[in-house]
Amino acid sequence: MAFDKTYPEIRAAVSKLCAQYPGEYWRKLDRASEYPTEFVQALTDAGYLSVLIPETYGGSGLPLGAACAVLEEIQRSGGNGGACHAQMYTMGTLLRHGSPEQKQQYLPAIADGSLRLQAFGVTEPTSGTDTSRIRTNAVRDGQDYVVNGQKVYISRTMHSDLMVLLVRTTPREQCDRHTDGMSVLLVDMREAVGNGLTIKPLETMMNHASTELFFDDLRVPAKNLIGAEGDGFRCILDGMNAERILIAAECIGDARWFTERSAAYARERVVFDRPIGQNQGVQFPIARAHIQTEAAALMVQQAADLYDAGKPAGAEANMAKLLASEAAWAAADTCIQTHGGYGFSVEYDVERKFRETRLYQVAPISSNLILSFIATQELDMPRSF
Ligand SMILES: Cc1cc2nc3c(=O)[nH]c(=O)nc-3n(C[C@H](O)[C@H](O)[C@H](O)COP(=O)(O)OP(=O)(O)OC[C@H]3O[C@@H](n4cnc5c(N)ncnc54)[C@H](O)[C@@H]3O)c2cc1C
């Protein structure tokens with residue numbers, strides 16, 4: 001039995017909604033590299049993408065644990081919440097650091113789904129994990145910032161109206177700390193595309209709506225600065241724990257999907273006159289993947305509980321993300337092995353989910369960087385960089 005004591009009503013309702021979007025739906029989109037527009041609209045209409053927005057702005061004001069339940073169930077059903085998970089949490093930067101006017105202007109429309117804020121532009125071709133070295137810069141010119149630079153692997157920009165964009169406003173070498181001097185701009189892409197912003201789709205291993213962005217004298221109104229100029233790194237940093245916990249919940253959903261599939265197939269597939277699941281060589285890896293998943297799920301739960309209680313959750317959020325992404329990968333690998341040749345057949349969905357779940361050991365933060373965080377922040381060992 002999987003451990004999922006939280007939000008049973010939400011889980012049941014999300015699961016029912018997802019049942020209308022079976023494997024065939026996701027396979028077709030995967031093959032054509034298309035966006036799950038109908039699925040995302042159904043989730044939006046049902047209010048699941050605005051659970052974290054406070055009621056005063058039209059959302060349901062639920063804790064992070066509720067959002068975890070939504071995303072976990074999407075993955076567990078065989079779908080891919082990566083298409084829209086950022087609509088849930090990218091608004092956090094605006095919610096925590098935006099001015100009252102900015103929040104009033106954008107949050108109600110994000111809550112009702114008429115405005116999509118699910119693009120988050122940080123990664124660049126030359127800076128990678130070392131965010132402080134981003135080169136995309138914004139220079140103040142009258143009532144605007146003028147933005148130049150490039151971003152890479154930015155998801156969903158072609159399916160989002162707004163983007164939270166991290167830029168340098170003061171050169172790194174002029175700052176006391178290398179994380180100072182960056183700022184967050186809210187870019188309205190409906191106006192920006194063709195006027196200084198070019199978006200190019202990027203083909204990746206799975207269907208993730210990834211893009212490259214080119215900024216060429218893009219003018220962004222200065223009133224779209226979120227938080228104080230130069231304080232951008234701090235503004236995005238405090239949203240990262242929520243993102244890691246939510247993605248960890250997605251990994252738990254993936255892991256449970258793989259293990260349920262593995263066990264079902266192992267019970268049914270008969271070779272040498274007996275179900276393959278009767279062989280301990282087949283059943284033990286499935287049992288191990290299940291154990292690994294349930295242990296990781298406890299850490300995700302703990303991280304979400306701490307976050308919802310307003311307590312420091314950095315270590316737990318990172319540990320949850322690492323454990324859950326590894327549990328999902330172990331379950332995925334076991335699922336392929338259990339299915340033998342059929343694991344490679346597109347119609348079983350295993351190979352698609354296998355490709356999709358691999359991402360989470362790399363993005364939004366790689367396992368090495370999590371290990372480094374725990375080693376230096378929790379265990380007080382010296383930094384390697
Ligand atoms: C499908 C997809 C979607 C994405 N969506 C977004 C998005 O929407 N927005 C966004 O901003 N970014 C996005 N990303 C980018 C993602 O966050 C980065 O790929 C990730 O943070 C790693 O950065 P990098 O690719 O530059 O790797 P690098 O920084 O080049 O690192 C490469 C490898 O080296 C390791 N490494 C680097 N330095 C060290 C060190 N000091 N010690 C030990 N190991 C180290 C890393 O762990 C990694 O495994 C996405 C990426 C993908 C693939």
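Which domains give residues to the shell around the ligand? Domain 2 (117-230) and domain 3 (234-378) both do, so the ligand lies between them. The model is predicted: local features need pLDDT of at least 70, side-chain atom pairs count only at pLDDT 80 or more, and totals for chains, interfaces and linings use all residues. Residue numbers start from 1 along each chain as its sequence is written.

The domain assignment also gives domain 1 (8-112). Such bounds come from an automatic or database assignment. Over C-alpha atoms, the centres of domain 2 and domain 3 are 31 Å apart.

The ligand is surrounded by 23 residues, each with its C-beta atom, placed from the backbone, within 6 Å. The closest are Val122, Thr123, Gly128, Thr129 and Ser366. Strand S1 (117-121), strand S3 (144-155) and helix H13 (367-378) each give two or more residues to this shell. Helices (H or I, at least four residues) and strands (E, at least two) are DSSP runs, numbered from the N terminus. By class, the shell has 11 nonpolar, 12 polar and no charged residues.

Conventions: Ala, Val, Leu, Ile, Met, Phe, Trp, Tyr, Cys and Pro count as nonpolar, Asp, Glu, Lys and Arg as charged, and the others, Gly among them, as polar.
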